Structure formats: structure tokens, C-alpha cells
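Subject: Structure handover and findings

Dear colleague,

Please find the structure below, together with its sequence. My notes on selected strands, a helix and a loop residue follow it.

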Amino acid sequence: MTADSFCDPATALPEADHTLAHSHGRSPSISESDKSCLVQIYPPDVVDGMVLLDRPQMIIGRDADADLLLPDQSVSRSHAELRWTENGYEIRDLGSTNGTLVNESSVRSAMLRSGDTVRIGSFIFRFLSADSIETQYHETVYNALVRDVLTGTMNKRYLLESMEREIARAVRQQSLLSVMMLDIDHFKSINDTYGHLVGDEVLKEFGQRMTHVSRVDDLLARYGGEEFCLLMAGTDLDEAYEIAERCRHAIADRAFETEVGDLAVSASFGVACLDPVRPISCLDFLQAADQKLYEAKSQGRNRVCR
């Protein structure tokens with residue numbers, strides 16, 4: 001089984017003989033009431049279904065014989081083992097290169113609780129227990145549709161839908177609306193030098209810092225890759241510039257702690273303000289801020305342009 005060959009959640013739960021992993025001659029001995037599942041949330045693939053855990057042992061890895069095959073170099077050939085016990089499912093690292101993380105903490109072994117996140121290489125799953133699969137699955141699907149799980153920010157789809165509404169409201173009420181586009185400087189070199197897992201650490205910390213410094217009613221979203229967007233209602237260009245400067249300092253003034261040590265990280269920012277008398281499309285509004293972001297990068301990075 002590959003990571004994207006999941007079963008349909010509508011049929012996975014009622015049928016006892018639905019198996020997603022290679023059986024290797026083993027007969028599932030877990031009762032229907034005890035069955036749990038893993039939902040892949042990064043890279044997002046929850047809409048296609050879930051991995052039903054219906055056997056006492058399951059090997060996760062890159063090897064073709066693995067029960068849950070994750071064909072990516074960040075995953076070891078035999079990366080981790082899921083084992084059923086009287087107390088529930090236990091995950092055990094099998095000496096993998098990049099480790100097994102539960103709720104972003106490296107573990108040798110850990111008992112899984114419903115709602116826990118499990119990171120295997122660059123893949124992130126959410127473990128759901130049998131007694132809460134239906135409710136939590138739908139909650140997980142909704143969050144995956146609107147939120148970027150790695151950074152904790154909203155995603156591009158949610159941003160664009162929200163921005164259309166905010167532009168329409170600003171035009172109708174003749175109110176202020178500003179947008180900020182921001183991009184991590186030299187992010188490709190971080191990935192190339194230290195690997196994508198360290199890059200993921202930087203993205204996660206970046207999202208947390210931006211969330212902390214942003215105002216409660218601002219909308220922060222990951223636009224794609226290392227590029228983010230902040231939508232600011234009731235904000236003129238001068239105030240948007242000041243917010244961008246606060247964000248810039250929040251990123252650049254303190255090193256990012258990663259598994260390879262502290263890394264100096266900076267970001268470039270471009271801001272634009274909507275003219276409610278001359279409404280433009282959502283994409284044109286973003287393009288105006290993106291053009292200012294390009295100017296910031298071309299002028300040496302780690303700066304704000306408006």
C-alpha cells in the first residue's frame with residue numbers, strides 16, 4: 001500500500017474485512033470496537049480516506065514489504081512499528097534515521113491517544129481511536145481543508161475565499177483593508193544545506209512567531225511554500241507597514257532553534273492597501289502586495305516595502 005491508497009471512510013468502518021496493509025498471512029485479531037485509524041494530514045490527503053488499523057502489528061517504512069508504505073527518502077526502510085496492546089496502540093521507533101515524533105516530540109516508544117499527531121519523516125498522521133473516529137475524522141477533514149497543518153496558519157484556499165468577502169465588505173462600507181505578502185529569505189538554501197525536515201522546523205516556528213505577533217482579528221495564511229499572507233481589515237497603509245516591521249523583527253531578531261542548532265532567519269515583506277473607491281479582484285490585490293515583496297527582495301531582503 002502506498003500513502004495515497006487509502007480506503008473510503010464511508011465504507012472503512014462498518015466492514016471487518018477492509019484491510020489497507022499487506023496481510024503477510026496474519027489474521028486480524030482486534031475486535032470491531034477496538035479498531036482505530038490514522039488520517040494523513042500532511043501532505044494533506046484526508047479527503048480520500050483513512051488508514052484503518054485492524055491488525056495487531058503494522059510496520060511503517062519505505063521498504064516495499066512495509067505494511068504502510070511511505071515512498072520518501074525522509075522515511076527509513078523500516079521506520080516504526082504500530083503494535084496493539086491491552087491498553088491500546090503503541091508506536092515504537094525502529095532505529096530510523098529521522099526519528100519518530102508524537103505530538104512533535106521524539107519518542108522511542110509511546111502509547112497513542114486519540115488526537116495525537118504522528119510524524120514519520122515528512123509525513124504527519126493523526127491517530128483517532130475507535131470511539132471517536134467519525135466525529136474527529138470530520139473535524140480533521142475540515143481543518144485540513146482550511147488550515148495548513150505544518151505551520152498552524154490558514155491555507156491558501158481559505159485565504160482567497162475570505163479575501164473575496166473582505167474586499168466586498170470594504171467596498172460596501174467604504175472601509176480600510178490592507179494585505180501583506182511575506183517570504184522567508186533564502187529558504188531554499190536551508191532545505192539544500194540541512195534537509196527538508198529542518199526546513200519544516202523553520203516553517204513551523206515561522207508560523208508560530210507570525211501568529212504570536214499578529215493581531216487577533218488578522219488572517220494569517222500560508223500562501224505556498226515559504227510564502228505567507230496577512231490580511232488586515234480596518235488597516236491603512238501606514239499601520240500595515242508598522243505591523244510588517246514588527247513581524248520582521250519578530251523573525252530576524254532571535255535565532256530559530258532547530259535540530260542542527262540555531263539558524264539565523266529573516267523575511268521580506270510587501271504591503272498594499274485597497275482603495276475602496278476603485279475595487280480590484282482578490283488576485284490583483286495580492287499581486288499589488290507581491291510586487292512590493294519583490295522590491296523588498298531585490299533591495300537586499302529583510303525589509304518592508306510599500
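Two strands are taken to pair if DSSP finds at least two bridges between them. Opposite Asp-183 stands Glu-227 in E15. E15 is also joined to strand E14 (residues 219-224), by 5 bridges and again antiparallel. In that pairing, Gly-224 has Glu-227 of E15 as its bridge partner. The hairpin of E14 and E15 has 2 residues between the strands, and Gly-225 takes a positive phi near 60° there. Strand E15 itself, residues 227-233, is mostly covered, with 6 of its 7 residues buried. Buried means under 20% relative accessible area, exposed means over 50%, and partly exposed lies in between, using a 1.4 Å probe and protein chains only.

This is a predicted model, in which local features need pLDDT of at least 70 and side-chain atom pairs count only at pLDDT 80 or more, while totals for chains, interfaces and linings use all residues. Residues are numbered from 1 along each chain as its sequence is written, and side-chain values use heavy atoms, with hydrogens and water left out.

Helix H5 has 18 residues and reaches 26 Å from its first C-alpha to its last, close to the 26 Å expected at 1.5 Å a residue; the expected span is 1.5 Å times one less than the number of residues. Its buried residues include Leu-203, Phe-206, Arg-209, Met-210 and Val-213.

Which backbone oxygen does the side chain of Arg-209 reach at 3.3 Å? It is that of Ile-251. The backbone oxygen of Arg-254 lies 2.7 Å from a polar atom of the Arg-209 side chain. Arg-209 is located in H5 (residues 196-213) and is buried, its relative accessible area being 6%. Leaving aside neighbours within four places in sequence, Arg-209 is in contact (heavy atoms within 4.5 Å) with Ala-250, Ile-251, Arg-254, Ala-255 and Phe-256.

Lastly, Asp-275 is found in the loop between strand E18 (267-273) and helix H7 (282-298). Asp-275 is partly exposed, with a relative accessible area of 37%. Its C-alpha atom is separated by 9.8 Å from that of Ile-167, a residue 108 residues apart from Asp-275 along the chain.

Yours sincerely

Notes:
Helices (H or I, at least four residues) and strands (E, at least two) are DSSP runs, numbered from the N terminus. A polar contact is a pair of N or O atoms within 3.5 Å; within protein, one must be able to donate a hydrogen and the other to accept it, and residues adjacent in sequence count only if both atoms are side-chain atoms.
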